[in-house]
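These are my notebook entries on one model. I list here what I looked up and in what order.

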Amino acid sequence: MTEKRYNQKRACALAGIDPRVYRRASKRPAETELRGRLKDLWSERRRFGCRRLHILLKREGWHKNWKKLYRIYREEGLTVRKRGGRKRAVGTRTPMAIPQGPNQRWSLDFVTDSLSCGRRFRILNVIDDFSRECLAAVVDTSLSGERVARELDRIAEMRGYPCMVVSDNGT
């Protein structure tokens with residue numbers, strides 16, 4: 001109204017509100033003490049939402065309707081702080097060295113498929129990274145950690161132990 005020099009009736013029509021709504025003064029109490037205490041509690045306990053803060057205020061003697069408290073909570077812009085995401089490695093990873101001979105590095109990989117009847121099975125592939133030779137392909141419906149260790153020991157009896165065993169760390 002001040003910038004464009006419109007009268008009140010025209011400005012309200014452009015904004016799409018009734019002039020009586022614009023002129024109406026709020027009769028609501030300011031609730032400054034409650035707002036201050038709510039902000040203090042929220043800053044102490046960032047992971048508490050409106051409901052838990054309502055319980056804490058009730059314990060302190062503030063007996064207010066939860067809907068009114070929620071309105072104040074939203075007006076003050078208070079929200080539950082999100083937790084941090086998953087921690088990931090920082091920086092660049094060093095590239096893995098290329099093996100210079102057999103039995104330097106073995107790779108483990110699990111492959112999953114299903115039969116025509118719907119039953120699932122898994123295959124453990126053990127590969128020598130230097131020669132690209134498949135040292136073992138163990139097929140079973142369930143491969144436990146003990147079974148994997150037993151198969152690796154069986155392969156090591158025939159070929160010797162590798163310097164390093166790597167896995168893709170997938171599911």
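**Entry 1: F48 and its surroundings**

I looked up the contacts of F48 and found W42, L53, L56, Y73 and V80, residues up to four places away in sequence not being counted; contact means heavy atoms within 4.5 Å. The model is a predicted one, in which local features need pLDDT of at least 70 and side-chain atom pairs count only at pLDDT 80 or more, while totals for chains, interfaces and linings use all residues. Residues are numbered from 1 along each chain as its sequence is written, and side-chain values use heavy atoms, with hydrogens and water left out.

I placed F48 in the loop between α3 (32-44) and α4 (50-59). Helices (H or I, at least four residues) and strands (E, at least two) are DSSP runs, numbered from the N terminus. Is F48 buried or exposed? F48 has a relative accessible area of 16% and is therefore buried; the term buried means under 20% relative accessible area, exposed over 50%, and partly exposed in between, with a 1.4 Å probe and protein chains only.

I also checked F48 against T94: the two are 46 residues apart in sequence, and their C-alpha atoms are 42 Å apart in space.

**Entry 2: the helices on either side of the loop**

I took α3 next. Its 13 residues reach 18 Å from first C-alpha to last, close to the 18 Å expected at 1.5 Å a residue; the expected span is 1.5 Å times one less than the number of residues. I noted L34, R35, L38, L41 and W42 as buried in α3. They lie on the same side of α3 because they cover an arc of only 130° around the axis, the arc being that of the directions from the helix axis to the C-beta atoms. On the other side of α3, T32, E33 and E44 are exposed. The cover over the buried residues of α3 includes α4 and α5 (66-75).

In α4, I found C50, L53, H54, L56 and L57 buried. Their arc is only 165° around the axis, so they sit on the same side of α4. R51 and R59 are exposed on the other side of α4. The buried residues of α4 pack against α3 and α5. Just after α4, I noted a positive phi of about 105° at G61.

**Entry 3: the sheet**

I traced four strands in an open sheet of mixed pairing, in the order β3-β2-β1-β4; two strands pair if DSSP finds at least two bridges between them. β3 (133-140) and β4 (164-167) are the edge strands, each pairing on one side only.

I then went through the pairs:
- β1 and β2 are antiparallel over nine bridges, and they form a hairpin with five residues between them, where G118 in the turn has a positive phi of about 100°.
- β2 and β3 are antiparallel over seven bridges, and I127 has C134 in β3 as its bridge partner.
- β1 and β4 are parallel over four bridges, with W106 opposite V165 in β4.

**Entry 4: N125**

I located N125 in strand β2 (residues 120-128), where N125 is the bridge partner of D109. At 18% relative accessibility, N125 counts as buried. Leaving aside neighbours within four places in sequence, I listed the contacts of N125 as S107, L108, D109, V111, A136 and A137.
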